[in-house]
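User: I would like to learn how to read a model like this one. Please take me through it step by step.

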Amino acid sequence: MRALAAAAGFLRRVGAMIVKEFIQLRRDRVTFATMIMIPLLQLILFGYAINTTPRHLPTAVFAHENTDASRAVLAALRNTAFFSFVKEAGSAEEAEHMIRSGEVLFFVEIPAGFERALRRGDQPQLLVAADATDPVGSANALAALAGVVSSALVRERFVDAAGEMPFEIVQHRRYNPAGTSQLNIVPGLLGTILTMTMLIYTALSVTRETERGTMESLLSMPIHPVEIMLGKIIPYVLVGIVQAVLILGAGMVLFGVPLEGSAAFLAAATLLFITVNLSVGYTFSTLAQNQLQAVQMSFMFFLPSILLSGFMFPFSGMPLWAQWIGEALPLTHYLRMVRGILLKGSGFSDLTVDAAALVALMFLAMGIAVARFRQTLD
Amino acid sequence: MTAAGEGIGPDGAPPARAAPEVAIEVENLCKSFSGRRVVDNLSMRVMRGQIYGFLGPNGSGKTTTIRMLCGLLTPDSGRGTCLGMDILTQARRIREHVGYMTQRFSLYQDLSVRENLEFVARVYGVPEPETAAAAALQRLGLEGRGKQLAGALSGGWKQRLALGACILPGPDLLLLDEPTAGVDPKARREFWAQIHDLAAEGLTVLVSTHYMDEAERCHEIAYIAYGKLLAQGTVASVIAAAGLATVVVEVAGEAGHEAGLHITRLARELSALDGVDMVAPFGTALHVSGRDPAALEAALARFRGDPRLVIRADAPTLEDVFIDLMSRSKDELR
């Protein structure tokens, strides 16, 4: 009976906190609006802006000969829609200058005697130089190049379909980025947007009460720190779910992101990830002296999350020490899970380690938060 | 619970009870913040049903003491009980029975009046929180303002709401930290009427204040300065215990600017004399006090013959006593 009464009291006090937080959330129209707008705006901006398969990239041509073969090559390139021939260069220097000045992003040079060498099977060189400052943009165009050109030449019967490449493509680029695609970015955005919003909302929650002086009253009431924490976290879990549904829905409608794996597993992973971030934010909230510090701490956490989680740069490309930092960040594990579930159809058995890591991080953050929560004003 | 009925028989004493009980009893409480002693060996006792005034200048340790009583701060040393529960080990249980009204308005400004009351009711486990909040609104005379945001209320209404939130869960002890600061005289008077009603119902009230007239509305007072409790008891007993002799020196027959100049000159002259510890102007009169009545009399002897001055003995006011206590303890600290 006593335990039952205690549980009822616990639920009642947590409930009181939840109701209070929701009312405050509703009153704060700016925050409320950002909760809906941030995910949508970011998804649309990033989704369309971070377009790793850009088309109609300005390209200069420097053809030493005007033959059927050279025309076939150029026509094939144009047909990919990656390249748009805007300039014709008279010399290699001129073409080099066009790239340097940013007038064009690509420069294709067809050497003299290309067709003849091709027919003889001499494997002539086709030079393609790409603007190094836009490596991601050029990656897909370059990747498509070889196949497009050789199939065009086969079609035009300059060479046989079988056998090795009839020519050699010399690609000049100083940087070779990982080939990310839009399908890869939307799941990544789901993770980063949730990290940012969840972190900041709870990071402010306790410091706001301290700054406004309401913490003194709250502490003088018979309510336990765990009850305060749960009461503050649960409303934002719901907000996080709404955000996740918005992002995923928009990602599927706007970018055609598939759901290969189980929806229930995705929901469970997302719920877990939301809770982890809220716990981390709440921990910051108990450490910070004021709201500004809380926001700063959130960014201290958010930046490595973006850079070292595998969202922006390929995880395997990072040095080992950076990978270790990455392993300690919830976003890293969530990205693996959400990309796996959405794109590869991975199930729980494939992602057990990442799920376990998220659970461990959640308990760690909650433990620190409860231990750090000042029950007195000392 | 300790039964303690000895001694203190204040004027306007708490309602007659079979055995007056102790609501607060603390001994040798000490608290320092970064090496600075804010509360120094403070001992006091408050009986149930009493209105206990807590007086002292700014930064004297009033708020710190109140926070230690309700478990918001942990004392460095000392012991004590609040409603019979140990302030060191049973702070959580104490909170269920104590209403604490903070110095700064600490309800949620972005919650409406009704929502604030409902939140308090739910946290304390008051049955039917909505009904309880509605009843509290009515009792506070805030019926029309239930939907107004608490932050939009005027100072007087905020104070009324804060008190209402404190008493909503039905506490046994109220700790009020400068509840009437910045509130107009009418609201203050209504506030004190309510405090007396609550005490009559058996509630114990500990209230800190700067105002002397409010001190005189308390059953008992304690005066604290520099973290030390300097005097304790009824207003009359505190005044008597100070052993202060006070005379009023009035400038007769003059008015306006002339009298003012005369008073200022006289005040400067008097305060330089041995035996005079305090000179305070009140209009065209001076309150002159001294700790040693004989010395004060000797100092005033040569003014007695002055026909323009009327000198008569008077009782020291509470303010005289407090300022004297403060300057004395300052001297000791030096």
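User: What percentage of the 334 residues in chain B is buried?

Analyst: First, the ground rules. This is a predicted model: local features need pLDDT of at least 70, side-chain atom pairs count only at pLDDT 80 or more, and totals for chains, interfaces and linings use all residues. Residues are numbered from 1 along each chain as its sequence is written, while chains are lettered from A and ligands numbered from 1 in the order in which they are written. A residue is buried if 20 or more other C-beta atoms, placed from the backbone, lie within 10 Å of its own. In chain B, 45% of the 334 residues are buried.

User: Which domains does the assignment give for chain B?

Analyst: Domain bounds come from an automatic or database domain assignment. Here it gives domain 1 (22-239) and domain 2 (245-315). Taken over C-alpha atoms, the centres of domain 1 and domain 2 of chain B are 40 Å apart.

User: How do helices H3 and H4 of chain B pack?

Analyst: Two packed helices are described by the angle between their axes and the distance between the axes. Helices are DSSP runs (H or I, at least four residues), numbered from the N terminus. Axes are lines fitted to C-alpha atoms over the stretch in contact, and angles run from 0 to 180 degrees between N-to-C directions. H3 (residues 113-124) and H4 (residues 129-140) of chain B pack at about 125°, axes 8 Å apart.

Technical notes. A residue is buried if 20 or more other C-beta atoms lie within 10 Å of its own, exposed if 12 or fewer, and partly exposed in between; C-beta atoms are placed from the backbone. Helices (H or I, at least four residues) and strands (E, at least two) are DSSP runs, numbered from the N terminus.
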